Amino acid sequence: MTTYKETVDTLCQLLQSGDEADRCYAARTLGLLKDTASVETLIERLKDEDLDVAIDAAEALGNIGSSEAIPALIESLENDPSGEVCTMIATALGRIGAAEAVDPLLKICLERPEDMEWDDDWDTWWDVQKAAVTALGSLRAEKAVDSLAALIDDETQQDMEPTLLNTLIRISDTGESLVIGRLQNQDSLPIHRRRAAHALALSSSGNATRALGRALTDPAPDVRAEAALSLARQNATSYLSALTLLLRDPDGEVRHAAIKAITELARNSGSTPEMEDVFQTMLTDPDPGVRAILYNVLLPVVGSSALSEQNFQAMLACTSDSHADACALLGANGNPGALDKLLQIAADSSAHPMVRREAATAIGKLGRIDSRVLDTLEQAITDQQQVVRLAALAALMELEKTGQVTPEEQEQEDGTTPLPHPLDIILGALQGEITIPQPATPPVEVTLDTQVDNPEADQESRAAENEEAVENAAPELELPETPAEIVAEGDVAPAMSTLDAIAMANVETMMKTGHPEKEIQDEITQEYLEIVEDNKELMQRMRSNRKIDAQEDIRRLAAHILAETDRAEVLQTLIQALNDDAAIVRREAAASIGLLAQRNPQMEALSDAVGTLITQLAIGDLDQKITSARALSHIGNRTALIPLTEALTAPEFTLRVAAIEALVHLSLNSQDPAKADHMVVRDVPPLSIARKLMERLEDKEMAVRVAAARGLAEILQPLQEESFTRKAVEKIIDGVTLGTGEEARLIGRALRRFDTDLANSILLANLKQADDSVKRSVFIEMIEELLTERDNPEQAA
């Protein structure tokens, strides 16, 4: 007997003899395994005394899709008093595609069974009706059309109207004609016409499209708006001109719908003759708001098809527009004729920083190098706004890769000092050669966070926005549609988490009243105080990370950008930056070295960074340690193996996770020490690393245990150590039961990396020996994840 068949048999036994929880878990997993051998047992559970079990059994039968279950499902639909069970049965019948279920489904749509139970004040028949109507649509039950149409006009069924309309569209042309008739009936209420317009988006027929086009002139604004959106869903480009007219509609809802519809059609259709006509109309529109809409519409279009010369000139004529999307569009379009306008915007200190950012980015995309371009971008590096600084550096890097010196500049260079390379400017920025002028008053800083991802960080603190500061800094400017984090440069108090706020409130209370610490402990549990203590270092690091010195930030951003090129002088400069006085520069340099090594591990000078990175792995701050571990893993020098194994016992769990991932990658992808001339004093073989990871399976942190399980799978797979591998799988599974079991699904997915048959046999043995349903549920979840793959495995019932 294969382990797969044994799994099905074991789950079927649990479905018959287990408690309620066992039967629910077993039914759900059997449905996901989709083995027809379980159908008979699942049919028996349709009459289970526990409603949840019966519901799960019905869902499982629908997932399996066996026609063998149809008679039993119909019998339960007609006789089961539970609306919840019947709802799932109706859904299952629709999934299976049972033609013989049409009459029973239609009957339950039209007649409420006398014995069907209420759920407090809710009539569960309504849920059954909705599921049955949807199932009839899946079955394309032509005979149901007239009855379903009659249901729409039943005043007691108005909440069912959208479902009924969608079903009629799905069933046949006859059903679609009925829906079109409802849309065109001006005597009906606007809500009914709007719902009909929404349903017709499901149809691709010419009749439906024409009906929606006529509905653009409906007297009710919400109907016009819905018709516009439905035409976009149908990709009805022939109605673009009509949709453009709706941009002038007196109703705001209609105008908003027209914007969405045009945007969607542009993205789906690209630059067609019809679209070009629409673009021309909007670009010459006197309303800057309409033009701003078009900039956003055109962005995804010009990537594959540039603007016509006529439309490009029309856009340049909008000289008063300083809009972020307009700059982005000029860059994406690629016409060098836009360079003068972009240079003007990038140099305009009164423009909004997000607009200047897009202008600088667009300059890089145009690929034209001359003295004006380099001067403007070098000046932008010293801008008071971080987003502008980063964009200028990125533009210089883009020019270094793909830019060409203009013919005019080449003529002027004869007999003069040649232009510097864009890369030289970036290297100078990292080395501190470019300084930022100090403003008379502190600016409002628009920041982009390029720090290392840290799973411990409180994400809420990153979302704080100082709206008052923005208004004071640039009251005359309209904020762009793309939101940005707005903070004042310097010491910025980050937004507190709820936990931190409570802690601060308690500290303030103690200081005001002079009460001893014991009074606070009387109000707060010891467990809470331990959490506060654990977060103390984290909050200190978060606050320090928010204090950004502008001069250091230029160098940090330069280090960040330099990861995009493999030039030897870049690597040497980054290695020097590992010893920079500024922590953020050291961290960014380490991250960039790691990226360079990941892209090109054969770079000879990479080993020059190993010693410094190992030192920072030992004594740096937490972010530096994590970044150094990742960089070392990609450099491929096995000298780092011993320091990384020492980091497995670090007090910070995020560093332990990073060390596990780095060890695994380095173990499997390192260079031969002798050939690469690496000074490896004591090597650590893969099996020794596996033993170290085995110890981490008992870690108190779930993330560490999961990382260790994944790492073991990767290391052991090529070793073919069957005995050790079995021991590792057993310990991985045992570790789940030692905790709360919350990582069962994560571990189940990690077990896929081992031999599936081996892992499944060990899980089955544990499942059979488990002495309570809680433990059994953990093993069933792991089996389910091991043997099935779903789109959203986190969505566990």
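In the predicted model, glutamate 358 counts as buried, at 17% relative accessibility. This residue is placed in helix H22, which spans residues 353-366, and the side chain of glutamate 358 makes a polar contact of 3.0 Å with that of arginine 357.

Side chains of opposite charge can pair when their charged atoms come close. The count of salt bridges in the model comes to 40. One of these joins glutamate 784 to arginine 745, with an N to O distance of 3.1 Å. Because glutamate 784 belongs to helix H44 (residues 773-787) and arginine 745 to helix H42 (residues 744-751), the pair ties together parts that are 39 residues apart in sequence. Glutamate 784 has a relative accessible area of 1% and is therefore buried, under the 20% cut-off; arginine 745 is likewise buried, at 9%. Both residues take part in a network of salt bridges that also includes Arg28, Arg749, Arg752, Glu781 and Glu785.

A further salt bridge is formed by arginine 567 and glutamate 400, whose closest N and O atoms are 2.9 Å apart. This pair links distant parts of the chain, 167 residues apart: arginine 567 lies in the loop between H31 and helix H32 (568-577), and glutamate 400 in helix H24 (residues 386-402). Arginine 567 is partly exposed at 34% relative accessibility, whereas glutamate 400 is buried at 19%.

On the surface, a patch of negative charge gathers Asp52, Glu84, Asp119, Asp120, Asp121 and Asp127. Within this group, aspartate 119 lies in strand E1 (residues 118-119) and is partly exposed, with a relative accessible area of 42%.

Notes: Residues are numbered from 1 along each chain as its sequence is written. This is a predicted model: local features need pLDDT of at least 70, side-chain atom pairs count only at pLDDT 80 or more; totals for chains, interfaces and linings use all residues. Side-chain values use heavy atoms; hydrogens and water are left out. Patches are made of residues with over 30% relative accessible area and no salt bridge: like charges are joined within 9 Å, nonpolar side chains (Val, Leu, Ile, Met, Phe, Trp, Tyr) within 5 Å. Accessible areas come from the Shrake-Rupley method with a 1.4 Å probe; for residues, only the protein chains shown count as cover. A salt bridge is a side-chain nitrogen of Lys or Arg within 4 Å of a carboxyl oxygen of Asp or Glu. Lys and Arg count as positive and Asp and Glu as negative; His and the chain ends are not counted. The place of a charge is taken as NZ of Lys, CZ of Arg, CG of Asp or CD of Glu. Helices (H or I, at least four residues) and strands (E, at least two) are DSSP runs, numbered from the N terminus. Buried means under 20% relative accessible area, exposed over 50%, partly exposed in between (1.4 Å probe, protein chains only). A polar contact is a pair of N or O atoms within 3.5 Å; within protein, one must be able to donate a hydrogen and the other to accept it, and residues adjacent in sequence count only if both atoms are side-chain atoms.
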